[in-house]
Amino acid sequence: MTTFEPERYELLAGPAYNFPLDRRGFFKSLGGGIVVASFLAQADAQESGGGRRGGQSAPKEISAWLHIDRNGAVTAYTGKVEVGQNARTSLTQAVAEELGAPMSAIEMVMGDTERTPFDMGTFGSMTTPQMIPQLRKAAAAARKLLPEGDWKSIDFSKIDESLNGVTAGTMKPTAQWTVLGTSPKKVHGRDMVTGRHQYTSDIKVPGMLYGRILRAERFKAKLVSLDASAAKAMPGVTVVEDGNFAGVVAPTPAAASNALAALKAEWNAPPQTSSKTLYSDLRKTQGNGRGGTETGSVEKAMAEADKKLERTYTVAYIAHAPLEPRAAVASWSGDKLTVWTGTQRPFGVRSELAQSFHIPEENIRVIMPDTGSGYGGKHTGEAAIEAARLAKSAGKPVKLVWSREEEFTWAYFRPAGVIDVRGAVDKNGRLTAWEFHNYNSGTSAINTLYDVPNKKIEFHPVDAPLRSGSYRGLAGTANHFARECHMDELATLTGVEPLEFRMRNLKDDRFKAVLQAAANRFGWGKGSFGIAGGFEKGSYVATCAEVRVEPGRPPRVIRVVQAYECGAVVNPDQLRNQNEGAVIMGLGGALFESIRFDNGKILNPHFAQYRVPRFRDVPNIEIVLVDRKDLPPAGAGETPIMTLAPAIANAIYAATGERLRSMPLLPGAEVQSAPSGSFLTPAGRKRSGRRHGCQRGTHECARHNHPSVANCPC
Amino acid sequence: MEIDVNGVRHTVDAEPERTLLTLLRDELDLTGTKYGCGEGQCGACTVLIDGAPARSCQTRAGAMGGHKITTIEGLAQHDALTHEPILHPVQEAFLDAESMQCGYCTPGMIMSGVALLNKNLNPDDAAIMQAMQGNVCRCGTYPRIVAAVRRAAKYMPRVVA
């Protein structure tokens, strides 16, 4: 099989890690009780090739540790973070399972560079396959050090501290699970429904001021001149200028915004390309692609084929649009820096800060509060660096929260891509040739699991127009879109029914099982139906979709069944939740999400212009879990998003005879009408005809000072 | 000016350009109400004004005199004897149905759900989706939110004639 370097994007920089405290010192610092640490073999520590260590290699590394105090309170420490994927709860389950302790006795400390072991980051769906076993081994080892019997019967005041160990216990067999494999509620759920949970943007520290950053008019622009005199004259305002960086600090968010607006800047930017020419630009690749080794001879097989097809598929740039924009609170004490920020890579952000401020990593603490989602979009530390730079000049702690427009513009995007596919089949409907060229979008899930004797698969890196990075599933969505649409086209070409065509060309039993599970539950047959399946990051997924097509309206997805197999299921309800959420998020990229840009500007950096899925876009969704208790658990944050788009495209073909080969599938539907007024607009009242800004899809009448349009005469 | 938030009266500056959202978050430290877009497009900042839903990011603080504002922090009641918080039925239903992933949209979703049930105790799914169309959950927990609001409707206090 062709091998590729895994996708890395911004994950190149691995910090030269040095354990901050020696082990004995650390154990002591936790106070009484026992500590058990578990080591991770170096090979396992590498995130699917991400993060090279530049020659730094310790033979072993602590990956997690566990502390049990003299009251029986358990604290588990891991560098993984919670961004909505339920890691905090599933990791608590893992500890509870092996320790025999109730989940309520266990607190997870996550993603704090001073308190938790080094971790490359929370991405690649690695928390479940990597961190769950590590914590289970540590917990199993700790359990062996404690007296036997029920957790409640243990007298923790008498536990023997000399038992501290660095060891690994033996995990319970899956058949004996009583906590793993069940669906306990989210451990911090109550804080979320009461508004008590503190996200980064909610943190307030004594003396804290508020920052805003001066953004360039266009990408790649250089700051030519800055007149900050008006801003500097404002009370309590500090203006920070440092090369191309400029920002303001003020006592309130409103004062900071006013000061920012008072800055007069001149920028100079080179001419840049437009999304209108995106797909031809992406073909301007230099040199040879990666991979590209050939099995058999594609040329020969194509020439001899009974039937063959050559098609191009494209995917647009899309934005993560996490509902909590990037945010950071930075506080200096001398040359020591503490930063709270929502990031999937707290240790990576620590490295970025060390490089930016030329201070040792030991001087920096990055703390990651459970964050308002990431989807692969929060690997980098822009807000942390900006807040720290402002705080340095202001001499006080500074909070920086990006605006929605900043998040849509200055974060990075899921890469756009062009994918050329050639396929050939014999008269029995068996694949004889497969050639696949991916320009720019990436290598995740680029290989085909279908059985084909002659194949060539190649990735072509491109000097792309926009800053790109990880996104839930990386290129897995684009590559599955191209592959599963092309398989459908080949099925049509050969006159073989699409599910049967896939089965006929598959040897992988796990793949066949999810396809069959989805088809059975869906009631697969003739109709406005589409199917697609795939594999990535240890998990198999298959999706069936049904669309409704009515004259004069864009096709509407009305029903989705998705089957998912990721080994032994750790938390069934949350696995369903991840699948449902991925299907809904995937609807956006499949149907209407698309970043438009021109000459260094994003043209749709607002929710009013960049459509994301809302309540009424959601079809009926059913998730079928294929629980393989005989296999180790794999992650499920990403792979569930990968097969929705091709299933929809194939369903639209079945319904209309029209092949759509470009994501988003419904151009023209990218911009929604303003969110339904419903609760913004009182029932029976027309939205049009109101004046003075009352039509902005908002609640207040700015002109008349009325709190709500309901009371406004205009 | 004076402002009534969750039954507590606060005396605050009424800077003309200040929004209710920043007043709540930055001055009164009621950070359960979230910033999501500042443009009235995502619903993360939803609060109740006199029981009706409003986007606090689009509402001027200065216009709030004489109005009762309820935020996510003010939904739970407290037991008279134990002072333990008793969650609102919508909050309980969100926990029961696990209607969240990252939880950032949750306060706004709950406030929108409460506002709907304040005027309609028996909403069907279409009415729920209609009422909440302006709230974004980027994690995609919409079906669970609809289920939670439907479930909460059963537990809402009702006036018996």
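The model you are looking at is predicted, so every value here is computed from it.

Let's stay with Asp617(A) for a moment. Its salt-bridge partner is Arg611(A), and the closest N and O atoms of the two are 2.8 Å apart. Arg611(A) is buried too, with a relative accessible area of 16%. Side chains of opposite charge can pair when their charged atoms come close.

Over all chains, the whole structure holds 49 salt bridges. Another of them joins Arg467(A) to Glu382(A), with the closest N and O atoms 2.7 Å apart. Find Arg467(A) in the loop between β19 (454-460) and α13 (476-494) of chain A, and Glu382(A) in helix α11 (residues 382-394); the pair therefore ties together parts that are 85 residues apart in sequence. Glu382(A) is buried, at 13% relative accessible area, whereas Arg467(A) is partly exposed, at 40%. These two also belong to a network of salt bridges that includes Arg326(A) and Glu407(A).

Now turn to chain B. Of its 161 residues, 61% count as buried. Here, Arg9(B) forms a salt bridge with Glu2(B), whose closest approach between N and O atoms is 2.8 Å; Glu2(B) is partly exposed, with a relative accessible area of 39%.

Finally, how do the two chains meet? Contact involves 64 residues of chain B and 68 residues of chain A. The area buried between them is about 5800 Å², with carbon and sulfur atoms giving 53% of it. Gln101(B), Gln133(B) and Arg138(B) supply 16% of the area that chain B buries against chain A, more than any other three residues. Between the chains there are 34 residue pairs in polar contact and 6 salt bridges. One salt bridge between chain A and chain B pairs Asp573(A) with Arg144(B), their closest N and O atoms being 3.2 Å apart. By class, the side of chain B that touches chain A has 30 nonpolar, 20 polar and 14 charged residues.

How values were computed: Residues are numbered from 1 along each chain as its sequence is written. Chains are lettered from A and ligands numbered from 1 in the order in which they are written. This is a predicted model: local features need pLDDT of at least 70, side-chain atom pairs count only at pLDDT 80 or more; totals for chains, interfaces and linings use all residues. Side-chain values use heavy atoms; hydrogens and water are left out. Contact means heavy atoms within 4.5 Å. Buried area is the accessible area (1.4 Å probe) that two parts lose on being put together, summed over both. A salt bridge is a side-chain nitrogen of Lys or Arg within 4 Å of a carboxyl oxygen of Asp or Glu. A polar contact is a pair of N or O atoms within 3.5 Å; within protein, one must be able to donate a hydrogen and the other to accept it, and residues adjacent in sequence count only if both atoms are side-chain atoms. Ala, Val, Leu, Ile, Met, Phe, Trp, Tyr, Cys and Pro count as nonpolar, Asp, Glu, Lys and Arg as charged, and the others, Gly among them, as polar. Buried means under 20% relative accessible area, exposed over 50%, partly exposed in between (1.4 Å probe, protein chains only). Helices (H or I, at least four residues) and strands (E, at least two) are DSSP runs, numbered from the N terminus.
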